[in-house]
Amino acid sequence: MVSNTVSNDKRPVALVGIHATAPTLALLPHMTEPNTGQPGRGRRILAATSALDTPFLAVDEQVLDANIARMSAFAATSGLRLRPHAKTHKSLILGQRQLDGGATGLTVATIAEAEAFAAGGFSDLFIAYPLWMTENKAARLRAVMARTHVLLAIDSVAGAEQLASLLPGAPVLVEVDSGHHRTGVAPELAGDLGAAAGAAGLEVLGVFTFPGHSYRPGGPSDAAGQESHALAVAAESLRSHQITPVICSGGSTPSAGNTDSTVLTEIRPGVYVFNDAGQVELGVATMADVALTAIGTVVHSNGAKAVVDVGSKVLGADQPAWISGGGRLPDEPEARITALSEHHATIDFSNASRHPVAGERVRIAPNHVCTAVNLADALVVVGADDVLTHWPVTARGANT
Ligand SMILES: Cc1ncc(COP(=O)(O)O)c(C=O)c1O
């Protein structure tokens, strides 16, 4: 049976005090060097990688490290644990860098991702997904759990009972819907589900939500408020069933900077590590904060129009209704990607500073960096000294 005796008081009084004056994410240091001009970051990345055939994904390590440091500092000063979602990078090297920066564990979406990170020596993983357990999945999870601490998710009584029958005693969080309307139970029902899960033999440690409705204009702050309210209601619902919510986990990249640390104990942003065109258009990041870009070559140009060899098989195809095109060019912010096919990006440079000609290279920020990374075998990392390193996307395609 569940032992729910651990106190939820992981935020010392001193840190609650700090929260009142803690810097917001936006105020913490951003990369300020412009992306254009000599010898701007963009030109430096293009020059350092000029010997490589296009297309490929390049990472500016200085921007990456600044992104990691900024989110870590925000979490630390807010008294929040940081458990980054590793589905963004799927990289053991990058996951370790996040832990070195202060993250307390990683979030993953699938058992296969958990297997990859456990095999890489990671000792604390949360599979933030209401898995439907089978004999085979349970056997795989038992093997992972033998070497690493794995927290699981439930969002139905049937799912919890199935899980309990195959992995008795497994530690779980109850997922609640804070407005994204994907998975999760209504916050006020968290206690009923937690009690049923406890009765079935799971260890209920708290609640979590994904405020994915932060991905729309105006979403970042609205969603953070709804996340906080939903988790507070859900935590109270657990308490009313004599279950102490040790963990209240939330977070997306857009909403992270508005997290209510009087309710949440942990955040799970993923995209922040690279940022992307989506975060820029939501106003959450600047072009200078974009660490990962696809490098492509102009293969066709006609006046203000150019076609680059970076298509949806490199960038991914995500294009929400509110976004301005198929990706953004950090070095030409006024250019617009008007069409994406598998191997072509058609770009309108009418309002840009110049019209690139065939043979030139450009950098493109994907709309959604996670889907771009999942299409690459490796990331080309450009260090501060312009030395190139290849980081394998170890958990690429680890979707099962
Ligand atoms: C359950 C869950 N937690 C955290 C995240 C990370 O949020 P973001 O992608 O905005 O960084 C996601 C993203 O899909 C998610 O599904």
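The dialogue below treats confidence, helix packing and the ligand in turn.

Trainee: How should I approach the model and its numbering?

Mentor: This is a predicted model, in which local features need pLDDT of at least 70, side-chain atom pairs count only at pLDDT 80 or more, and totals for chains, interfaces and linings use all residues. Residues are numbered from 1 along each chain as its sequence is written.

Trainee: What does the protein chain average in pLDDT?

Mentor: pLDDT is the predictor's confidence in each residue, from 0 to 100. The protein chain averages 92, and 90% of the residues score at least 70.

Trainee: At what angle do α7 and α8 pack?

Mentor: Axes are lines fitted to C-alpha atoms, for helices over the stretch in contact, and angles run from 0 to 180 degrees between N-to-C directions. Helix α7 (residues 157-166) and helix α8 (residues 190-200) pack at about 20 degrees, with their axes 9 Å apart. Angles under 35 degrees count as roughly parallel, and α7 and α8 are therefore roughly parallel to each other. The contact joins V157, A160, E161 and A164 of α7 to L193, A196, A197 and A200 of α8.

Trainee: Which classes of residue make up that contact?

Mentor: Ala, Val, Leu, Ile, Met, Phe, Trp, Tyr, Cys and Pro count as nonpolar, Asp, Glu, Lys and Arg as charged, and the others, Gly among them, as polar. The contact of α7 with α8 has seven nonpolar, no polar and one charged residues.

Trainee: How do α5 and α6 cross?

Mentor: The axes of helix α5 (residues 111-119) and helix α6 (residues 135-145) come within 10 Å and cross at roughly 25 degrees, which makes α5 roughly parallel to α6. I111, A114, E115 and A118 in α5 meet K137, R140, L141 and V144 in α6. By class, this contact has five nonpolar, no polar and three charged residues.

Trainee: Which residues surround the ligand?

Mentor: A residue is near a molecule if its C-beta atom, placed from the backbone, lies within 6 Å of it. The ligand is surrounded by H85, T107, A128, F210, S252, T253, R268, P269, G270 and V271. This shell divides into four nonpolar, five polar and one charged.

Note on methods. Helices (H or I, at least four residues) and strands (E, at least two) are DSSP runs, numbered from the N terminus. Angles under 35 degrees count as roughly parallel, over 145 as roughly antiparallel, 65 to 115 as roughly perpendicular and the rest as oblique. Two residues are in contact if their C-beta atoms, placed from the backbone, lie within 7 Å.
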